[in-house]
Amino acid sequence: MNALVSALNEALDAVPPDLDRLAVAVSGGPDSSALAMLAASAARDRGWALHVFHVHHGLHPQADDWAHVASCLAGRLGLPFKQTRVTVDASDGRGIEAAARVARYAALGDMARAAGVRHILLGHHQDDQVETVMLRLLRGAGLDGVGGMAAESRLDGIDYLRPWLMVPRSRIVEYLREYGPALAPDYVPVTDPSNLDARYARGALRGEVLPAIERTWPGYRSTLERFARLATESAQVLREVALADLETVQEHVPPYDHCVRVSALLELSEARQTLVLRLWLAEHGLTMPSEARLLELQRQLQRAARDRQIVLQHEAVHVRRFRDWLVIDRAGDRSTDDGTASADAAGIVWAGEADIRVESHGGTLQFLSAAQGIDPQWLRGGPLSLGWRRGRERLKVGPSTPSRSLKNLYQERGIPSWERERLPLVYRGDILVYAAGLGIDARVPQAEPGIRLNWVADRPGATVVS
């Protein structure tokens with residue numbers, strides 16, 4: 001018991017001094033139940049309120065019984081109990097174990113916020129850690145992925161504490177056998193049959209792989225736990241290197257946030273380029289692309305000419321190269337919010353409004369007062385239409401300059417080609433009145449004072465200057 005109590009107290013000693021309540025997640029199994037028993041005593045000694053949370057996954061016929069066991073244990077310990085039922089979506093490609101984990105943490109977070117709890121104790125132990133490391137190794141994780149579970153982690157504003165990651169499960173079983181009957185006489189821990197079900201990856205490890213390893217390497221738990229700690233330390237060093245490199249190659253370019261300057265990136269070794277790109281994507285809230293896709297992006301950056309466009313579609317964004325910049329484009333293609341393609345043209349009639357919302361083109365056309373601009377009477381004289389570029393359009397940007405192609409004008413303004421496709425044109429009949437991102441055509445009738453047009457997109461792009 002000493003090892004369990006010492007590890008728990010060490011974790012609790014590290015929490016903020018203003019803590020007055022916390023929770024323990026109890027499945028009804030032996031590990032979390034033992035944690036609840038010891039945490040109840042520790043919380044009383046510290047003057048803290050302790051809550052018991054249970055997540056009912058509904059994946060097993062005995063799930064109601066497990067919830068009852070957890071509830072009875074909380075009652076026996078004199079602790080408030082809260083249960084949440086979740087629906088596990090096993091059809092989203094992550095697998096049922098991963099889907100259940102996501103649903104479980106979401107439910108725990110909701111219960112914590114409702115109870116005013118910021119810290120939740122979890123009963124993961126050394127055997128769980130070893131299984132996690134093995135699974136990640138077998139799935140091909142890198143150093144930053146094989147470090148196993150963290151003793152403390154934060155998700156959606158809730159801190160999760162795992163005090164027993166260095167304690168083998170055998171110690172927990174011994175504790176329950178010796179002290180459990182006195183603390184909770186009616187308590188009988190539940191057993192989830194899926195824990196040894198070879199249809200699930202973790203079940204196959206527990207029931208077949210790890211017992212075979214233990215016969216030859218009985219100390220494998222400590223060895224793998226030590227490996228996980230060393231991997232975590234090494235990953236932290238690599239992250240520090242990547243952070244330093246990223247600071248030297250990225251710059252803030254609104255509205256794309258931080259972009260990577262390609263020429264500076266390519267001065268790094270290929271291994272450090274990979275670290276920088278992974279960190280850059282992560283800091284934009286994106287998951288990691290496959291190793292093959294990331295290597296392909298690096299290959300294109302190294303070989304493609306500076307004026308060659310590069311696009312890597314990843315999740316709902318595009319990673320694009322424009323001139324010497326690598327940017328993350330979140331606006332997507334030219335479509336409406338429901339995913340359907342936006343209309344080629346939209347008709348509007350201006351009757352003096354300050355702005356007109358154009359849903360089909362994803363933005364608002366503003367009619368701003370200006371010292372000199374389009375003649376308001378002329379604008380009112382006929383319907384206007386918004387359309388997309390089709391090619392060969394020309395605009396006369398000044399009274400003394402010749403008309404020029406929109407392509408050349410956009411290039412001079414430093415507007416990337418993909419942004420140009422999202423900038424509508426305003427016509428009156430066959431007359432091009434205004435090109436978003438460029439301005440009005442000098443040949444349309446003007447007056448003093450007049451009207452200046454301005455397009456405000458729902459998903460604004462940017463003029464990127466290299």
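Contact here means heavy atoms within 4.5 Å. In this predicted model, Leu121 is in contact with Leu8, Leu12, Leu22, Ala23, Val24, Ala25, Leu35, Ala39, Leu161 and Pro163, leaving aside its neighbours within four places in sequence. The chain has 466 residues, and buried residues make up 45% of them. Its secondary structure consists of 14 helices and 23 strands. Among contacts in the chain with a separation of 6 or more, 67% are between residues 24 or more positions apart.

**Nonpolar cores**

- The largest nonpolar core has 33 residues, and those that touch the most other members are Leu8, Val24, Leu50, Leu121 and Trp164.
- Two or more residues of this core come from each of helix H1 (2–13), strand E1 (21–25), helix H2 (30–46), strand E2 (49–56), helix H3 (63–77) and helix H6 (169–183).
- Helix H2 gives the largest share of this core, with 9 residues.
- A second, separate core holds 31 residues, including Phe367, Leu384, Leu425 and Val426.
- As a general background, nonpolar side chains in soluble globular proteins tend to be buried together.

**Aromatic pairs**

- The structure holds 3 aromatic pairs, and two of them are described here.
- Tyr105 and Tyr160 form an edge-to-face pair, because their planes stand at 85° and the cut-off for this class is over 60 degrees. The centres of the two rings are 5.1 Å apart.
- This pair links distant parts of the chain, with Tyr105 in helix H4 (residues 96–115) and Tyr160 in strand E6 (residues 158–161), 55 residues apart.
- Both Tyr105 and Tyr160 are buried.
- Trp350 and Phe367 form a stacked pair, with 5.0 Å from centre to centre and 10° between the planes.
- Trp350 lies in the loop between strand E12 (345–348) and strand E13 (355–358), while Phe367 lies in strand E14 (residues 363–370); the two are 17 residues apart, and the pair links distant parts of the chain.
- Trp350 has a relative accessible area of 5%, so it is buried. Phe367 is likewise buried, with a relative accessible area of 5%, and Phe367 is also one of the residues in the second core.

**Arginines over tryptophan rings**

- Arg261 is placed over the face of Trp325, 4.3 Å from the ring centre.
- Arg428 is placed over the face of Trp378, 4.6 Å from the ring centre.

**A buried aspartate**

- Asp245 belongs to helix H8 (residues 220–249).
- The relative accessibility of Asp245 is 6%, so it counts as buried, the cut-off being under 20%.
- The side chain of Asp245 makes a polar contact of 2.7 Å with the side chain of Arg272.
- Leaving aside neighbours within four places in sequence, Asp245 is in contact with Leu268, Arg272 and Val276.

**Cysteines**

- There are 0 disulfides in the structure.
- Cys72 is partly exposed, because its relative accessible area is 39% and that class lies between the 20% and 50% cut-offs.
- Cys259 has a relative accessible area of 0%, so it is buried.

**Backbone geometry**

- Most residues other than glycine have a negative phi, and most peptide bonds are trans.
- Pro449 is in the loop between strand E22 (446–447) and strand E23 (450–457).
- Asp156 sits in the loop between strand E5 (152–155) and E6. With 58% relative accessibility, Asp156 counts as exposed, since the cut-off is over 50%.
- Arg392 sits in the loop between strand E16 (384–387) and strand E17 (394–395). The relative accessibility of Arg392 is 84%, so it counts as exposed.

How values were computed: Residues are numbered from 1 along each chain as its sequence is written. This is a predicted model: local features need pLDDT of at least 70, side-chain atom pairs count only at pLDDT 80 or more; totals for chains, interfaces and linings use all residues. Side-chain values use heavy atoms; hydrogens and water are left out. A disulfide is a pair of cysteine sulfur atoms within 2.5 Å. Buried means under 20% relative accessible area, exposed over 50%, partly exposed in between (1.4 Å probe, protein chains only). A nonpolar core is a set of buried Ala, Val, Leu, Ile, Met, Phe, Trp, Tyr and Cys residues joined through side-chain atoms within 4.5 Å. Helices (H or I, at least four residues) and strands (E, at least two) are DSSP runs, numbered from the N terminus. Rings of Phe, Tyr and Trp (its six-membered ring) pair if their centres lie within 6.5 Å; planes under 30 degrees apart count as stacked, over 60 as edge-to-face and the rest as tilted. A charge sits over a ring if NZ of Lys or CZ of Arg is within 6 Å of the ring centre and within 35 degrees of the ring normal. A polar contact is a pair of N or O atoms within 3.5 Å; within protein, one must be able to donate a hydrogen and the other to accept it, and residues adjacent in sequence count only if both atoms are side-chain atoms.
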